[in-house]
Structures are given as C-alpha cells and as structure tokens.
There are 2 protein chains.
Amino acid sequence: MRRTSFADYRCSLSRSLELMGDWWTMLILRDLYLGINRFDDLVEDIGISRNLLTTRLGDLVAHGLAERRAYQEHPPRFEYVLTEPGAELVPIVLALTAWGDKWAPPPEGQPLVFRHDRCGQIFTPRVSCDACGEPIVADEVTTLPGPGGGPGPGAYVLARRLAEKVASGELSRPG
Amino acid sequence: MRRTSFADYRCSLSRSLELMGDWWTMLILRDLYLGINRFDDLVEDIGISRNLLTTRLGDLVAHGLAERRAYQEHPPRFEYVLTEPGAELVPIVLALTAWGDKWAPPPEGQPLVFRHDRCGQIFTPRVSCDACGEPIVADEVTTLPGPGGGPGPGAYVLARRLAEKVASGELSRPG
C-alpha cells in the first residue's frame, strides 16, 4: 500500500517526510551512519525483509540521501553510504533517539550512548537556537509566515491563521 | 495495513518511531503545536481523512503524546493538546522542518520561519551537544554501548560490532 504523497505539500516537514519514505528508512539511515552498509548486514540488523529493503534503499538513492558504491570488483559487490543531505539527517535521528531514551526506554536501559569527539564528552543531543545557542523549548518559539508561506496542501488552516495574525498586527513578517 | 511493530526493538529510535505511529502523526504533532487543536481544523489543514485522523489522535492519546480536553460543555466539544513528552518532540520536528527547508524546499520558498522568543532572533533549529554547545556533525560522534546495549531486534549486527570493538580496546564503555 502506497501512502499519500506529501511531495506537493506546502510544508518543509511534509517534504522531508516524503524523502524519508517511512520509519524503516529512518532505521536504515541509522545503520548506514553506524557503519552497517551492506545489504545482508542491514537485513540481519534491522529485521527487514529483503524486498522491502531493496525498495527502501532504492528510494534513498533516488532521493539523494544515500549512494551505492562498489567495495569489490570481482565479483562486483556494493555497499550504501550516506550523502551530504543524508548525513545531515543523522543529528536529527540522534535527537529522536535521545527522546526515546527519555520517554520510551527499552527495559534493559539505554542501548547506546554518544560521545562528541570534538569535546570528548558523553552527550545528549538537543535542539538549540543557532542565534543564541540556548536549547529550544516548544513554548518559546513563534512561527511566522516565510517567503513561501501561503495556503496549500498541508497548510490550509495554518496559512489563513498566520495571515490573520499578520493582518491584525499580532505578528509581523520578518523583514 | 498495520506495519511491523517496533515496540520490542532494543533501540530507542525504533521505540520513538513506534510511539509516533507514522508520518501523519508527525504532521498532527506539528499542527497541535501550531495551535490547530480541533478535529475539523486538523482534517482541513492536513488533508487527512476523518477515519485516519480519529485513529491517529487515539494513538497519540494512548501513547501519552497528546491529551483530549473539553473546551465547551454544552454541547460537549473537545480539542487535543500536546503533553510534556509530545511537546519535547516539537524541537525535533522543527529541526526536521529546517532540514526540509534546506534540502527539499517547496518551489514557493520557505513556508514558515521560526523566532526564538528568548533571544528575539529568527533562527534555524540545529542539533547540538549539551556538553559543549557545538553543533553535532555526523562524523564527529562516536557511538558506544550503553547500559542496556546488547543484541536484540533492531540491533543484532550493531551490538556484535560494538562488543567486538570494546573487546579489542578500540572502544571503551563509558564509566
């Protein structure tokens, strides 16, 4: 069953999700990042069917998140590695993993910990503001219409409400 | 079609994904955060069927990510609001939105921009290290076995490789 496509949604979150395909894709990205790059290893590690993995890896390559690379010539053998956009999803995957460690930990305890090689510390990934560096908390963020803001699939009500707030002076478009 | 359950996966990422259900859930979380809290508004904004929305909202409530709250008594009317774990997913949703703005922007341009109320700046959410504050880049992170590390669904190959690295002295378990 193919789910609804978000490709024409006027929402960058929807468009990210479209490229990522489904939850399996997130686990495949995790494994490619962790150095599990070969088909048979991915099947074993994630417990995904070979058919589904073939499709998902094909989508990752088609969407530019991973590349297929030969690691042996005779006989030809391939592995999958993350591209730059794929690698830029990794910190987000780590942040979601940390959320799971906190709110849905496996009964055995935290499966993995992360060390930041720059500072040498075991760390918890957190989402922060690139202007002031402070952690982002949901109720300290105001959402404003961007240059491409407007009604469309995935943002009908939202665009109308934001436009009303701008019209009433409650919000101002960023200059 | 119900997809594979990740509930017994020994991986906090899988367990997060299990609680989030599917991509629709991520868009519902987005809307609840943005103040679109009522059933009919969610249907219109996201373009989701009423049946699917009923199921997804029920899952969000069952998993503790959202709460159903009466906003009117006669006749009774309800809306859905994020709980604390649900609200803690919001920064991650914002980070994924920013990734989409960069790598898969809608043709019209960035639909939304975010202002950090603490510092007053328009910002890009980024994942950073809670020890040193620097942005997290995929190749500057080392993954180590945690207290609950070990082989299991979602981590068969990974757990074996990490154990080998610990045994060889290439990695040490954090103290």
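Modeller: Happy to; we can go over the fold, the pairing of the copies and the cysteines. This is a predicted model, where local features need pLDDT of at least 70, side-chain atom pairs count only at pLDDT 80 or more, and totals for chains, interfaces and linings use all residues. Residues are numbered from 1 along each chain as its sequence is written, chains are lettered from A and ligands numbered from 1 in the order in which they are written, and side-chain values use heavy atoms, leaving out hydrogens and water.

Biologist: Great. How many helices and strands are in chain A?

Modeller: Chain A has 6 helices and 6 strands, counted as DSSP runs (H or I, at least four residues; E, at least two) numbered from the N terminus. Their order along the sequence is α-α-α-α-β-β-α-β-β-β-β-α.

Biologist: And how are chain A and chain B related?

Modeller: A 180° rotation with 0.0 Å of shift along its axis puts chain A on chain B, at RMSD 0.0 Å, by least squares on the C-alpha atoms of residues with pLDDT of at least 70 in both. The two copies are thus related as by a two-fold rotation axis.

Biologist: Which C-alpha of chain A is nearest the axis?

Modeller: That of Val127(A), 2.1 Å from the axis.

Biologist: Switching topic, how many disulfides are there over all chains?

Modeller: The count is 0, taking a disulfide as a pair of cysteine sulfur atoms within 2.5 Å. For Cys119(A), the nearest cysteine sulfur is that of Cys129(B), 3.8 Å away.
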